[in-house]
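Have a look at the sequence and the structure first.

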Amino acid sequence: MNAIIVKDLVKKYHKSEQNAVDGISFDVKEGEFFALLGPNGAGKTTTISILTTILSKTSGEITVAGFDLERQSSDVRRRVGIIFQNPSLDENLTAEENIRLHCILYGLFPFKVTYNGMPGEYKERVKELTEVLGLSEKEMFQAIKTFSGGMKRKLEIIRSLMHKPHVLFLDEPTIGLDPLSRKNLWDYLTEIRKKDKMTVFLTTHYLDEAENVDRVCIINKGKIVSIGAPQEIKNSLTEHYILVDADERLKLRMELEEKRLQFKDGDFPVKVILEGRSAQEVIKMIDTPLSLLTIHQPSLEEAYLQIVGEK
Amino acid sequence: MNEFQSVLAIAYRDFVKFLRDRNRLIATFIFPILFIGVLGTSFQSGLGDALGYDYRLFVFLGVIGQTLFQSTAAGIISLTEDREQDFSQEIFVSPISRFTIVIGKIFGETLVAMSQVIGIVLFGFIIQVPFSVGAVLAMLPFFLIVCFFGGAFGILVVSFLGAGRGAREVFPFLIFPQFFLAGVFNPIKDIGLPLNILTYMAPMRYGVDVLRSVYYSGSSAYDKVVLLPLWMNLLIIVGLGSVMFVYGTYRFTTKEQNR
């Protein structure tokens with residue numbers, strides 16, 4: 001079953017002449033880790049804002065968690081968790097108060113003025129969260145102004161998971177975080193994904209983050225450029241080649257020509273295109289003693305730059 | 001049920017925010033001190049008996065009405081602040097009705113405005129404004145009505161000015177003229193037709209006058225101070241307030257989505 005179905009989605013802002021999102025269609029399967037990748041202004045935030053009911057679409061059909069986005073927006077909201085690009089915590093409240101407000105808005109617990117008045121089940125969950133966050137009990141009751149960026153992000157994720165959403169949307173969640181906080185956050189996300197088996201929809205412009213997802217959808221200027229598993233995208237869009245050099249460069253070049261291996265003429269080292277062969281096979285075909293051999297590992301970054309650069 | 005709980009939670013959040021904002025707390029009490037203390041007392045000694053009623057009491061009630069109306073309206077404008085800080089996104093993606101959000105916000109700002117009124121009453125007591133505690137307590141339900149009216153005005157303003165700095169910058173221009181048009185500290189009973197038409201257009205006028213019409217009811221100063229009968233003030237507040245609330249909320253939420 002699909003957790004998200006998007007058909008011919010178009011969004012045109014009132015003051016804009018161009019479509020920010022221009023007729024995109026894709027599905028996200030239940031339990032899938034899906035990434036929307038693209039440069040700034042590609043339409044990522046517009047798409048995620050529409051999927052999370054913050055923004056209305058111009059046209060198209062969307063189903064999230066089995067509900068029509070337009071007609072059943074309240075049902076959709078109940079079933080999704082959202083981490084916004086900009087922090088959406090209330091800085092005037094404590095960590096616990098932020099969580100409590102969320103729980104009440106989602107109808108999990110009745111409102112009580114104080115933490116002590118809340119039911120035991122809620123207190124248990126807050127206690128668990130304190131451990132997950134690595135906070136002391138005292139810190140949980142402090143204003144979050146003092147928290148680090150990474151800590152706030154983690155708190156937002158925890159908050160968004162309180163109502164056990166079917167789909168978790170993350171809009172560039174690691175933006176502005178230092179490398180260590182990014183890694184910690186990523187590890188934590190991987191852990192909760194494994195545990196709760198939930199569908200995760202991520203937008204990012206960090207390629208390394210998209211390398212680890214099940215499927216990635218690359219968009220540019222509002223259109224889908226490529227969609228598939230990161231490996232598939234790499235295979236279909238990047239060149240697989242080896243770089244070789246030899247002391248007897250003339251001989252090497254003649255041999256390559258003779259054996260009809262496709263290579264890019266010009267500077268050394270020579271780029272030999274694999275054309276569907278394995279690197280091993282090509283290397284075996286070359287008899288000229290090599291002074292340098294590099295097997296090129298295509299990265300998603302290369303594919304991405306190629307796509308985004310071309311369009 | 002969840003909607004009611006959410007109203008309480010949103011209101012609680014607003015009230016807590018107020019209590020934790022030291023600057024706002026201090027600013028809350030400075031204006032009443034200036035208006036009732038300085039302005040009221042100096043005019044009272046100058047005009048005194050010429051008016052035929054106690055000027056300080058007149059200003060005292062006016063400032064209560066103005067505070068309730070303005071504070072709630074200004075609080076609703078903070079929806080745009082939330083928007084900038086992106087906290088409102090957390091509220092707006094929750095599965096509650098958009099009207100619940102605005103009602104919660106108005107309720108929260110009502111609590112804020114009421115606590116400001118407690119400050120005003122205490123200050124009035126200290127400087128010996130000749131008010132009756134019983135009569136002020138009897139006005140309590142009307143305080144709530146004025147707050148609702150201010151909140152409805154606030155959401156209408158936000159719905160037209162949109163999120164961001166626009167609303168915050170324009171709001172003072174919409175509220176300060178109303179101090180004078182509503183007769184908070186200046187009698188507007190006999191100011192001639194052209195100006196009178198303007199005063200009718202200032203919503204705050206009805207918020208201030210409804211309190212005075214309750215307080216002065218049955219007193220000799222009633223005819224000199226009160227502009228419209230209680231029922232007419234109430235009719236305008238409830239009617240106009242409901243229209244502003246429903247239309248403002250609808251316009252605000254659809255405008256947010258239909259960018």
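Let's start where the chains meet: 23 residues of chain B are in contact with 26 residues of chain A, where contact means that the C-beta atoms, placed from the backbone, lie within 7 Å. On the chain B side, α1 (2-19) and α4 (87-92) are the elements that give two or more residues, and α1(B) brings the largest share, nine residues. Helices here are DSSP runs of H or I with at least four residues, strands are runs of E with at least two, and both are numbered from the N terminus. By type, this side of chain B splits into ten nonpolar, seven polar and six charged residues. Ala, Val, Leu, Ile, Met, Phe, Trp, Tyr, Cys and Pro count as nonpolar, Asp, Glu, Lys and Arg as charged, and the others, Gly among them, as polar.

A word on the ground rules: this is a predicted model, in which local features need pLDDT of at least 70 and side-chain atom pairs count only at pLDDT 80 or more, while totals for chains, interfaces and linings use all residues. Residues are numbered from 1 along each chain as its sequence is written, and chains are lettered from A and ligands numbered from 1 in the order in which they are written.

Back to α1(B). Among its buried residues are B:V7, B:I10, B:F15 and B:F18; buried means 20 or more other C-beta atoms within 10 Å of the residue's own, exposed means 12 or fewer, partly exposed is in between, and C-beta atoms are placed from the backbone. Another helix of chain B, α7(B), has 17 of its 22 residues buried, so it is largely enclosed by the rest of the structure. Here is how the two helices span out, with the expected value being 1.5 Å times one less than the number of residues:

| Helix | Residues | End-to-end C-alpha span | Expected span |
|---|---|---|---|
| α1(B) | 18 residues | 25 Å | 26 Å |

Now for chain A and its strand β8 (residues 199-204), where six of six residues are buried. A:T199, A:F201 and A:T203 point one way, and A:V200, A:L202 and A:T204 point the other way. Strand β3 (residues 33-37) of chain A runs parallel to β8(A), joined by five bridges, with A:L37 opposite A:T204. Strand β7 (residues 167-171) of chain A also pairs with β8(A) in the parallel sense over five bridges, and there A:L168 sits opposite A:V200. To count as paired, two strands need at least two bridges found by DSSP.

Chain A also has an open, antiparallel sheet of four strands in the order β2-β1-β4-β5. Its edges are β2 (21-29) and β5 (67-68), each with a single partner strand, so one side of each is left without a neighbour in the sheet. Within it, A:I4 has A:V64 in β4(A) as its bridge partner.

What about the inside? The largest nonpolar core has 141 residues, and A:V64, A:F169 and B:L211 are among those with the most contacts in it. Helix α3 (residues 55-85) of chain B gives the most to this core, with 15 residues. A second, separate core of nine residues includes A:Y241 and A:V244. A nonpolar core is a set of buried Ala, Val, Leu, Ile, Met, Phe, Trp, Tyr and Cys residues joined through C-beta atoms within 7 Å.

Technical notes: Contact = placed C-beta atoms within 7 Å.
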